[in-house]
Amino acid sequence: MPLAKYKKKRRFGVTPEPAGSDQRAEKKAASLIYVVQKHRASHLHYDFRLEWRGVLLSWAIPKGPSLDPAVKRLAMQVEDHPIEYASFEGVIPEGEYGGGTVMVWDQGTWEPEQADVNSALQKGDLKFTLHGQKLKGSWVLVRTRGYGKSDGRSSWLLIKHRDQYTSTQDVTEKEPHSAVSRRLLADIARDAGGDAEKAATGDPAREGGGSRTAKPAAARLRRNR
Ligand code: MN
């Protein structure tokens, strides 16, 4: 039951997230799915997912990925998600697990750089190449010791390897739109009848008030009061 934890946390009559099938997806294609979902839940984070053995291995990255090899980003491993989750963009109702707005921030495929992926995962040192729209090139996920193990979640670090895609520019600031719909979080929330003001707090602030979002400046003022 690879998705037991995933299913236990969710009420599929209420949330629009995919339930996932009990049968692992049998894929003929050799390519493996890679996706990052930007998720404005109780806290903003980026869910980093790699297809492996019929599920999406998943890590929640509070600060999102960095293209700077000097920057290590904390990545908390969370429950495996169904393959169908990769295309989910929308609103999880408030009060449900992960309630808030979800954006497909980046998508593409990934390739392991090691012959034995299972052993790399077990050792906590997975090297891979991303072929995304925003994230490309060589990366590593390294498991760290001693932190977060009590609740069954292990903590890892996501680090960019030095290559032609390295940059010190903040890719999350520079490219805040959905990879599939070009929408911002606030747009996605509004379109699905969600809380656009809360979602907008996950979108970047724009100078001169030129934002397409629903009064983000006002929302920020209210939040800071
Ligand atoms: Mn999440």
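Is Glu-89 buried or exposed, and what is its relative accessible area? In this predicted model, Glu-89 has a relative accessible area of 17% and is therefore buried, the cut-off for that class being under 20%.

## Salt bridges in the structure

A search of the whole structure identifies 10 salt bridges. The following sections describe several of them.

## Arg-183 and Glu-89

The side chain of Glu-89 forms a salt bridge with that of Arg-183, at 2.9 Å from N to O. This pair connects distant parts of the chain, as the two residues lie 94 residues apart. Arg-183 is located in the loop between helix H3 (171-174) and helix H4 (185-191), while Glu-89 is in the loop between strand E4 (73-82) and E5.

Arg-183 has a relative accessibility of 22% and therefore counts as partly exposed, whereas Glu-89 is buried.

Salt bridges with shared partners also join Arg-10, Glu-17 and Glu-79 into one network.

## Arg-11 and Glu-96

A salt bridge also links the side chains of Arg-11 and Glu-96, with an N to O distance of 2.5 Å.

Arg-11 counts as exposed because its relative accessibility is 52%. Glu-96, at 14% relative accessibility, counts as buried.

## Asp-47 and Arg-49

The side chains of Asp-47 and Arg-49 form a salt bridge at 3.6 Å, N to O. Both Asp-47 and Arg-49 are buried.

How values were computed:
Residues are numbered from 1 along each chain as its sequence is written. This is a predicted model: local features need pLDDT of at least 70, side-chain atom pairs count only at pLDDT 80 or more; totals for chains, interfaces and linings use all residues. Side-chain values use heavy atoms; hydrogens and water are left out. A salt bridge is a side-chain nitrogen of Lys or Arg within 4 Å of a carboxyl oxygen of Asp or Glu. Buried means under 20% relative accessible area, exposed over 50%, partly exposed in between (1.4 Å probe, protein chains only). Helices (H or I, at least four residues) and strands (E, at least two) are DSSP runs, numbered from the N terminus.
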